[in-house]
Amino acid sequence: GKTPRSCPATYVGFWDDIRKLFAGTEEARLRGYTAGRFSFNTKDGRCPACEGQGVKRLEMNFLPDVAVACEVCNGDRFTPETLAVTYNEKHIGEVLKMSVDEAVDFFRAHPKIHHALELMRAVGLGYLTLGQPSPTLSGGEAQRIKLVTELAKARPDLRRQKQPHTLYILDEPTVGLHMADVERLVRVLHRLVDAGHSVMLIEHNLDVIAEADWLIDLGPEGGDGGGKVVAAGPPEKVAKTRRRSETARVLKEFLAERRMSGN
């Protein structure tokens, strides 16, 4: 996913469905366009100048390269003929420039596309555009997009049916997240578990730690002074351990404040 031709829409997998929507319009059928015409990775309908990337890179010798909008398509990625086809008064280039928040309402009538977009918004990625190149995403953003891709496959209503069980291992998934986004992430992780999967995290965020079914506290110190299992069990049990544990100390205070606030 770390190529300039990868973006949230293609990685999560709903871009194919969007292309089919455009190919199904009356204008596209009259012109004989198939879904392939609306791919920026094929020659049929993409801009030949920027090869569907919407930008060109200028070499600056001893300075980092600079990306500028393609002067032929003005960043729309496609040829004028392809952009002449519209869906709900938007051409395919404008859809790629939509934020997830905008696209949620735009594709409300299409459950499969709408579901994936809702999941992206649920993990705090509503501000991303559908066509944002993958190399420009932060590590946290990329990790959450991967979560959405998996969550789109994980349906709690199919738990009783035969489906693969997956173990997800996440390393500090809350790094760089706003508190509101941490809450969204916790809800997403619960949905994975509700669908019959297992989630293992390395984490220091107390909001996430308190939501775990089982904790393993390693310590008592870091580095050479750690590496031993100090406590294990549900958060409430770990918080009451009498052994030397920084996790137990701060978790006990956190859970007490949580009870007082009623959360």
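**View 1. Glu246, Arg249 and Glu253 are joined by a network of salt bridges.** A salt bridge here is a side-chain nitrogen of Lys or Arg within 4 Å of a carboxyl oxygen of Asp or Glu. The whole structure holds 13 salt bridges. This is a predicted model: local features need pLDDT of at least 70, side-chain atom pairs count only at pLDDT 80 or more, and totals for chains, interfaces and linings use all residues. Residues are numbered from 1 along each chain as its sequence is written, and side-chain values use heavy atoms, leaving out hydrogens and water.

**View 2. Glutamate 221 and arginine 244 meet in a salt bridge.** The N to O distance is 2.0 Å. Glutamate 221 sits in the loop between β7 and β8 (228–233), and arginine 244 in the loop between α11 (235–239) and α12, so the pair ties together parts 23 residues apart in sequence. Helices (H or I, at least four residues) and strands (E, at least two) are DSSP runs, numbered from the N terminus. Glutamate 221 is partly exposed, at 41% relative accessible area; arginine 244 is exposed, at 57%. Buried means under 20% relative accessible area, exposed over 50%, partly exposed in between (1.4 Å probe, protein chains only).

**View 3. A salt bridge joins glutamate 211 to arginine 258.** The N to O distance is 2.8 Å. The pair links distant parts of the chain, 47 residues apart: glutamate 211 in the loop between α10 (206–209) and β7 (215–219), arginine 258 in helix α12 (residues 246–261). Glutamate 211 is partly exposed, at 29%.

**View 4. Arginine 31 and glutamate 27 pair within helix α3.** Their side chains form a salt bridge (2.5 Å, N to O). The two residues are four apart, about one turn of the helix. Arginine 31 is partly exposed at 35% relative accessible area, and glutamate 27 is partly exposed at 31%.

**View 5. Serine 39 is buried in a loop.** The loop runs between α3 (26–31) and β1 (55–60). The relative accessible area of serine 39 is 10%. A polar atom of its side chain lies 3.1 Å from the backbone nitrogen of asparagine 41. Serine 39 touches Arg19, Arg46 and Phe78 (heavy atoms within 4.5 Å), not counting residues up to four places away in sequence.

**View 6. Helix α8 packs its buried residues against four elements.** These are α1 (8–12), α7 (111–122), β5 (167–171) and α9 (179–194). Among the buried residues are Ala142, Ile145, Leu147 and Leu151.

Terms used. Polar contact = N/O pair within 3.5 Å; in protein donor to acceptor, adjacent residues only side chain to side chain.
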